[in-house]
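Work through the exercises below with the sequence and the model open. Each task is followed by a solution in steps.

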Amino acid sequence: MTTLTDPPKESFRLSMLIYDTRYRSLTIQVIAMIGFMVLIGWLISNTAQNLQALGKEPSFRFLSEPAGYDINQRLIEYDSQATHLRAAFVGILNTLLVAVMGCITATILGVIIGVLRLSKNWLISRLMTIYVEMFRNVPLLLWIVFIMAILIETLPAPRAFRGETPEATMNLADSVAITNRGVYVPEPLFSNSLGNIHLFGEHSLRFDISLDLIAVLAALFIGLFIRRKIKTRADAIQESTGDRPTTWYLSLGAVVIPTGAVLIALGFHLGYPELKGFNFKGGIHMRNSLIALWLALSLYTAAFIAEIVRAGILAISKGQTEAASALGLRPNRTMSLVILPQALRVIIPPLISNYLNLTKNSSLAIAVGYMDLTGTLMGVTLNQTGRELETVLMGMSIYLAISLLISMVMNWYNNSVKLVER
Amino acid sequence: MSDVSFVRTEMLPEQDPPASSVGVVGWMRENLFSGVWNSILTVISGVFIFYTLYGLLSWAMVPTWAAGSLNECREILHNMGREGHLAGACWGVISERWEQLMFGFYPNGSEEGTADLRWRPVLAFVLLIVALAPVLFADKVPGKLIYLSMAYPFLLPFLLWGGSIWSPIAVAAGFGVGYAAYRVIDGVAGSLAAVIGSVVAAILWWLFLASPVAGLLADIIPLGLEPVESRKFGGFMLSITIGVVAIGLSLPIGIVLALGRQSDLMIVKSLCVGFIEFIRGVPLITLLFVASTLLNIFMPPGTDFDIIMRVFIMVTLFASAYMAEVIRGGLAALPKGQYEGADSLGLNYWQAQRLIIMPQALKISIPGIVSTFIGVFKDTTLVSVIGLFDPLNLTNAIRADSNWNGIVWELYGFIAVLFFIFCFSMSRYSMYLERKLRTDHH
């Protein structure tokens, strides 16, 4: 018989903090935390000393002072008497504007180029390869200034449109004027306008929402909802009888009629740009800086999206296509029911991260003088007020917030389409 | 059953394939004109290519290499009978200024009493290729070259900035001091204490002893190169230097961050995740604003890094975050069995990382590292926004010269072509590497 003895009573020794794996991780973490705190404290104390020496106490009061500079491309009303905060807000909206426009065109272009790169046509696929390599291997900033130079140097000046026999003419039935000062496009106007909702009263962050726009969007959504109902009903009929009723004209009508009715009720018409004196008046004026930035961002990002789309399509094995045709699906149904749902799972995550890159790259606007967040808050406001710390930190946090928002969407999507494995 | 059969018993002679399906014609029918739609596309793109090439070549093929100003160019073109803004290229600006686009304001001997020092960056970049060879083409070069690779991080700043040779040697000696301390303490007090001791010894050396020792040695044996200030750096030399320094330094930082992000230690992990996500969430340009306006405020009063040094710091931090993600991808791609195998061999964490995990993870991530490098190299053009003379900003400096006022396409084209050559060859290299490293069967 052996007698059970108690295990030796453990007493805590200091060396166990390092040599005992139970405590070691705690030690390391505490040391890391202390190191981090010391680093932060050191930076803050340095900053405080330096700012004191410069006589700049950190404060955000400058945000409510008048900005005193003009922003020529803007989505909301603004004048040089408005506050710095309002200027920053105009900047954020400009950033978002170019980011959204860029994402849309980049996606369209990228999908077309990515598909064409897989084309069996030798010439086309080579051309697309050249496009992709050309844009991926040259810095974006160079493309931005290059496109800006093209716009300024090669397009006609507004005065070329004057006279009996003008050197330049407007495009698309006299509705679009492309000049070296920017592009003038017709603006949507409503003669029976519902007016605007004013949000935030007189605050610097105030902005208006057009009720007309809301009405049109609501009509569109109703139309899409009806279309969905029609499709569900058609599916049900197909399930029970085997014949699919023809519904395209119903669907089309469901979408077009409500929207069209609302547009007519509101008195929708276009305001065309007109040459008055030495410049165009009326219409929407998209300045060169916006166009150059938008084009460069779209073309550059499209090259990356094309590669993603190509990889996504190639990732679906040929067996899927063959199995679909063995089931008797027609090619376009194979694409929409078999290939695309699987390819999208591969395509969408890198696609969203490219949207993120595009949004961050829009900060290069400063090179062509487009007043986005970098140009207003971290550009002119910084130079005028000398508040480096506050403006740069504010700008960084706004970009960070936008990025985190986009990555949240990405994570949510990834989780919702994740293949459930064992 | 009838025994009549109509089966041919002898083979027919082989016939040639129809003329329309072999050779050039067959290839064209298959690849260019396989259907109506394809034929239309082919014709459209053919016309497009023709007009683009025609326009580009007739613009580029003009004898303006010797011109000394934009007006001379216009005169030459006028004599050729060409008028207008896009009459032809003015290559005189490239032949006169290409050295500036390459080296910025690096001393070229044009000023009185200065020597042409441009051999130094050239030598530095030639040596860079030699030093990278053992890493990039490990099976094709002698292994001894790895010593050059190890010495290179100290050689690069010495060649570019000049100064006394003893400063980089003193810095390098810090590693020697650390190693010596490790060996001494390892024999006395065990390996963990030795690691801590060696780190402490090296830091003490760098903080307190390195610069007096270097100064003393420089007084005794004054060996060195003529110092060059960083504000003279410019052009492609600046871009390449920023890229190489950032990637070189970001690799170790990125490995540490990636390991931190994978680790089970909650605080370490959240610090690493926070750093990576913060850096990846903001545009590089805001980090460059930090470099140009804020970094000196964060440092102790009295320190004054020059702007290039500050840009190095911020671009390195930027690259480390991306590098960490690339390496994390490599770590995640390793099968779990590798980690378990290392555990079952009884290796501790660092041994497992050093001997099993890292060699494989880094190998997997080399293509990602190369594409990060391409990205950082392209992003170096952003330093023009904060006033450094990278190639893009030099175009403004060149246009400020009254001789070349108004010249646009030639300069942008030249820079674009050079960037393309650099980046394209790097991306081809990474594709070659992907093929070489592929160990599965295809």
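**Cysteines and a cavity**

In this predicted model, Cys103(A) has a relative accessible area of 13%, so Cys103(A) is buried.

**Exercise 1.** Classify Cys423(B) as buried or exposed.

Solution. Step 1: take the relative accessible area of Cys423(B), which is 0%. Step 2: compare with the cut-off, since buried means under 20%. Step 3: Cys423(B) is therefore buried.

**Exercise 2.** Find how many disulfides the structure holds over all chains, and describe what is found.

Solution. Step 1: the count over all chains is one disulfide. Step 2: the partners are Cys73(B) and Cys90(B), with sulfur atoms 1.8 Å apart; the cut-off for a disulfide is within 2.5 Å. Cys73(B) sits in helix H3 (residues 70-79) of chain B, while Cys90(B) is in the loop between H3 and helix H4 (92-103) of chain B. They are 17 residues apart, and the pair links distant parts of the chain. Step 4: assign the handedness. The torsion about the S-S bond of Cys73(B) and Cys90(B) is about 70°, so the disulfide is right-handed. Step 5: check burial; both Cys73(B) and Cys90(B) are buried.

**Exercise 3.** Describe the largest cavity and its lining.

Solution. Step 2: list lining residues, among them Leu51(A), Lys56(A), Pro58(A), Gly386(A) and Arg387(A). Step 3: sort the lining by class, giving three nonpolar, one polar and five charged residues. Step 4: find the main contributor. Helix H12 (residues 388-417) of chain A gives the most to this lining, with three residues.

Technical notes
Residues are numbered from 1 along each chain as its sequence is written. Chains are lettered from A and ligands numbered from 1 in the order in which they are written. This is a predicted model: local features need pLDDT of at least 70, side-chain atom pairs count only at pLDDT 80 or more; totals for chains, interfaces and linings use all residues. Side-chain values use heavy atoms; hydrogens and water are left out. Helices (H or I, at least four residues) and strands (E, at least two) are DSSP runs, numbered from the N terminus. Buried means under 20% relative accessible area, exposed over 50%, partly exposed in between (1.4 Å probe, protein chains only). On a 1 Å grid over the protein atoms alone, a cavity is a set of points where a 1.4 Å probe fits but cannot get out, and a pocket is an open set with protein on both sides within 12 Å along at least five of seven lines; lining residues have an atom within 4 Å of a point. Grid points are joined across faces, edges and corners, and a volume is the space filled by probe spheres set on the points. Ala, Val, Leu, Ile, Met, Phe, Trp, Tyr, Cys and Pro count as nonpolar, Asp, Glu, Lys and Arg as charged, and the others, Gly among them, as polar.
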